[in-house]
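Q: Could you take a close look at one part of this model for me, the place where two of its chains meet? I'd also enjoy some background on a chain beside it.

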Amino acid sequence: MKTFDYQRAESVETAVKAASEPGSVFYAGGTNLLDLMKAGVRQPDRLIDITRIEGLDRIETGKDGSLRIGAMVRNSDMARHPTLLAEYPAVAEALLAGASAQLRNAATVGGNLMQQTRCSYFYDRHSACNLREMGQGCDALDGENGKHAVLGWTKTCIAVHPSDFCVPLAALGAEVEVTGPDGHRRLTIDDLYTLPGEGQAPGTALRDGDLITALILPSGGKRFAARARYMKLRDRTSYAFAIVSAAAMLQIGDGRIKDARLALGGVAAKPWRATKAEAVLNGAEASEASYRKAADAALADAAPSGDNAHKIELAKRILIRALKSAAAGTPPKMPALPGSVFAAGKEAR
Amino acid sequence: MALRISLKINGKMHELALEDARPTLLDVLRERIGLTGTKKGCDRGQCGACTVLVDGRRVNSCLSLAVSLEGADITTVEGLADGETLHPVQAAFIENDGFQCGYCTPGQIMSAVGFISERDGHATAEEIREGMSGNLCRCGAYAGIQDAVMDAQLRMSNEGKS
Amino acid sequence: MTDKPMVAAHHVRLGSNAGQPMTRRDGLAKVTGTATYAADNRPDGLLHAVYVEAGIARGRVNALEIEAALKHPGVVHVMTPDNTPALSQNPDEKTTPFTARIDVLQHDKVRYAGQPVAVVIAETLEAAQEGARLVTADYEVEPARIGFDNGEAFEPQAVGMSTPPVFSKGDLGSARSEAAHSVSAEMETPLQYHNAMETHAVVAEWDGDRLTVDMPNQAIGLAKPGIAAYFGIPAENVTLRSPYLGGGFGSKAVLFGPQMLGILAAREMKRPVKLALRRDQMFGPVQHRSATRQTVRYDLGRDYKFKAMEHQADVSTSSFDDWLDGAANASLSVYAVEAMKASHRGFRFDTGTPGAMRAPGIATGSAVVETAVDMAAEKAGMDPLEYRLLNYADKDPSNGKPYSAKALRECYEEGARAFGWKDRPLKPGLMRDSDGLLTGWGMGTSIFHAPFFPAKARALLRKDGSARAETSGADMGQGAWTALWQMAADGLGVAADDLDFDIGHSDLPDGSIAGGSAHTASAGGALFAAGNDVIRQLAEIATQDKESPLFGAGNERLVGDGGRLFKASDPNVGERYTDILQRAGIDEIEGKGRGNRDKASTETYAMFSHGAVFAEVKVDPDLYQIRVSRLVGAFAAGRIINPRLAKSQLTGGMIWGVSFALHEEGIHDKRTGRPVNNDFAGYHIPVLADVPHVEALLVDEEDPHVNDLGVKGVGEIGITGTVGAIANAVWHATGLRTARYPIKIEDLLERSIARKT
């Protein structure tokens, strides 16, 4: 990797100030950043180490009942936190369905939110990639693209967002706290990520120097705690990125769906909140027929970006599976294979 | 940007002069300190061969900047045994033939030590399988690895009781 | 030298070490991190080298821009074709069947993506890595040829090491004309990359024209003269150390360009140099398994017995070398059939050259053969096991030779019993588990050759009773440090703990190749014979010594065991080795040995290990994710030296079968030829969660003909049969078969939708 200056930040303010200089990047868990730097995809001039900043590693319940998770909380600590497990179980399940135990021990909440696509053309310096440098073109477009986007893509970029964790966050309408050169602000997960446009690469709404300091899980999300699942289809039982995944959260009464939250992973450049599908479900009978309608609605705008039409059908099916699993109830104990389709249980199949 | 750092590894302080901040913990261990028990399998956090404990938690040393770990307590496979007495996980790996070529083994063992310490109570076989899935073994020694981790947690709880 | 023919195997009595499930002798070193792999060496003054790989698959390097690399702090030199001296032997010359054409900066042609085009040498690893990244190349690009639709077809001269590409026996046409039924399996298998956990590496240090190399190597006896030839020095000037290999699987039996570049860099810089491949660099110059496109057709009689078999394989190789996986020969010796034909066609891809990869030929071919056999069983309406027994071969159908030993019936029986096969419903799609997952059971027959290589060994017995045994052999994980040690101790008649044992070094007698599942028999046979040679000399001394209780017993069979020589007929009559030597005033006895296989046996018998693998899969009924929930294999491989390690070899092979069936696939971009999944996140091999239950049973088998000791190999057979067993289990669960390996979710989905409409 390229040489860089290394600077330890003692506070959010000094971190943001240091990072306002062009070429600066925050260093936290390092699990995605060092990977990208080794590949030469990212070549920062300066790393601002934020691992020593006090207070960023706390999990606290806010006055409004929301759960505030500091950006430096490690993925494994968050997944094990009793409040998260009790109130937002699908988030815990998604965290544990991602990466490996070693990576989760190092990776932070902020870093997970900021991770980059695993599109192999993005990583390959000999390939054209608009995400790496706008204007190069996209070699994935006519290349090996069986795992690429089926929603929200343009010919500029067909990469998918790789995070599991962000999928239930999108469903919950979670927010991030950001401190930047211009002060503090809050963004929803949906607003944090930007889709590709024509001549516009996907990315985030963050600007130079912006630091995510915390993730806020809204108190309203707790009402789904009894029926919340994350389901991830993959071609290895563990330690593999999703082919497609889905988070489903339901409130059911008298056999009818009172409220539903849905999001898909592995289908677009951002975690994909399926609001149309939610609308189909609200007030509908809690039945497989309703879930099918919802899945059709969620993928109504989908189109293959290459040799990946199967992902549209699989996305529908994983969504139905997540809905049936959620309807069957959050398991009393985290499954041994979190997020695995093998952990769905008979009633969800 | 040359810098001096000190790292605590297996209870011992190591003072190091780095030309710049680039070296990962893995490369510092292997190329600068000579603790070559920790292995490089992929250098990208995709295989687990480089697993070490940082403050008691298993992490991929290939994706950790050494400079960021000043003040941390780092344990490598060389620091696991108590003199001539093997750590129960090491003994269980030998007894259950939890390795063949041995290259992924230091990472498997450090990962198993981390895995057992992360938990209250015994893990089920399925929990072991999931919990150890961050460590690839190309020889396919997985049957022995699973048995070794199962055996090790028994050994450790028995030791704890005695 | 004990070149005298020894008695047949069942008469050779191994001592108290062989047969014991001893834990690994190298276990302590491996669990404490003190086992030294090549890249663990750090001689003083070490420089680091990282090579720059070609970004195109075919063409020419017009220009290399190296200034930025040279300016990078720590970089001391950049080797390019312009400044790299010629090797003493053209690296495109094939001097032995084990020589690969390699790329060592001797020309500006690019023949595959990932080919070394420059080497950056620096004081630190970090500087060398960044220096390599800073080198840019300007290419003249020619279109890449990847895949059977683009690759150039040719008629090969040979497949595998040196097997004829076409084989036929009997009259295929007339056998077909008498057939009542026919099945045909058409499947593709992808490029697979060995990907040992330890990447290929070298640490090279020159002292004048003497060279010391730390390099993982499966064939030290070949590597030593091979390196010497490239560098124009006498073979005795090369010291090669390879005490531990972090896996090999075939890809460390041959010398490759990158390692020669490391040695060259050390000579240029007059300092020791370390060069270790990055993981992504493992997808180019260090071999892979050929991609194949195969058709296996069986024609069946009215009784559904096989009448004719035809196995055709299209097989990939590179544009500049000829190694081809012999997939179509996998069908020749496994089932009884009247007439057969196997043929291969080569296809040139712009990739690196393939080579032997764990169970070459047989793994690839049996994956399709076992599918075809199950299709035939389905046609016959018979249970797959019953059907295989119907077509059981009592003689090798390809040549009519009897098998030296074949306990396959027992493997079927014991494997089926342990698995619970008898409860299997005949029709697919009928089993669901308590979680509602589709459940399927499938099986496959395992087979692998039992070759034998001429290996040498030396043994030593000293006056104080201490003993030593040595051969250059290699432990790449299969357990040579242990199994060979046990055999050496038995040859000398001492306890393993009393033996000083050494392998993995070029100064030792040539232990031949650790490969082909032949090492234990070959190197172990040599070690045993060397020990026997010591005992023979010792017996001569004792029987001529009037003070010995064995005096005059020259015509009797004497046995050495536990450090004592005694009469086979009366173990009480004898004495300790130390007494014999001390009385004779002899400091030490040196014995030499070669393993032996009777030439007449080779001509008379067909020699194979056999096995049966039973697989249970769980398949999600909507999403088609697959998990192999249970694998049980039963194997007969002659005499087993160490059951604990043999089982590990076999289960490891079976897990390779899981990997072949469900995971591994080297994908290259069809436009550029560059690998697109050249890392462990993209090139999947199984993790522990993929293999919940894998069990290998050892079936007793006495093989009196295969070699003196009756030992066959277990390193490769586990993968054969397993791949097909899994595909057959997936069919049994779902009623679906796919046209390619690995079996993919999207392929099952597509077929299930096609079935419904």
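A: Between them, chain B and chain C bury about 4300 Å², and carbon and sulfur atoms carry 55% of that area. On the chain B side, the residues that lose the most area to chain C are B:Gln100, B:Arg138 and B:Tyr142, which together make up 20% of what that side buries. As for who takes part, the contact draws on 61 residues of chain C and 50 residues of chain B. Do keep in mind that this is a predicted model.

Now for the background, with chain A. Its secondary structure amounts to 14 strands and 13 helices. Chain A is as compact as a globular protein of its length, because its radius of gyration of 19 Å is close to the 20 Å that the globule rule gives for 349 residues. Along the principal axes, the C-alpha atoms of chain A fill a box of roughly 60 × 50 × 35 Å.

Looking inside, 62% of the 349 residues in chain A are buried. Among the contacts in chain A with a separation of 6 or more, 65% are between residues 24 or more positions apart.

Notes:
Residues are numbered from 1 along each chain as its sequence is written. Chains are lettered from A and ligands numbered from 1 in the order in which they are written. This is a predicted model: local features need pLDDT of at least 70, side-chain atom pairs count only at pLDDT 80 or more; totals for chains, interfaces and linings use all residues. Side-chain values use heavy atoms; hydrogens and water are left out. Helices (H or I, at least four residues) and strands (E, at least two) are DSSP runs, numbered from the N terminus. The radius of gyration is taken over C-alpha atoms; the globule rule is 2.2 Å times the number of residues to the power 0.38. Buried means under 20% relative accessible area, exposed over 50%, partly exposed in between (1.4 Å probe, protein chains only). Contact means heavy atoms within 4.5 Å. Buried area is the accessible area (1.4 Å probe) that two parts lose on being put together, summed over both.
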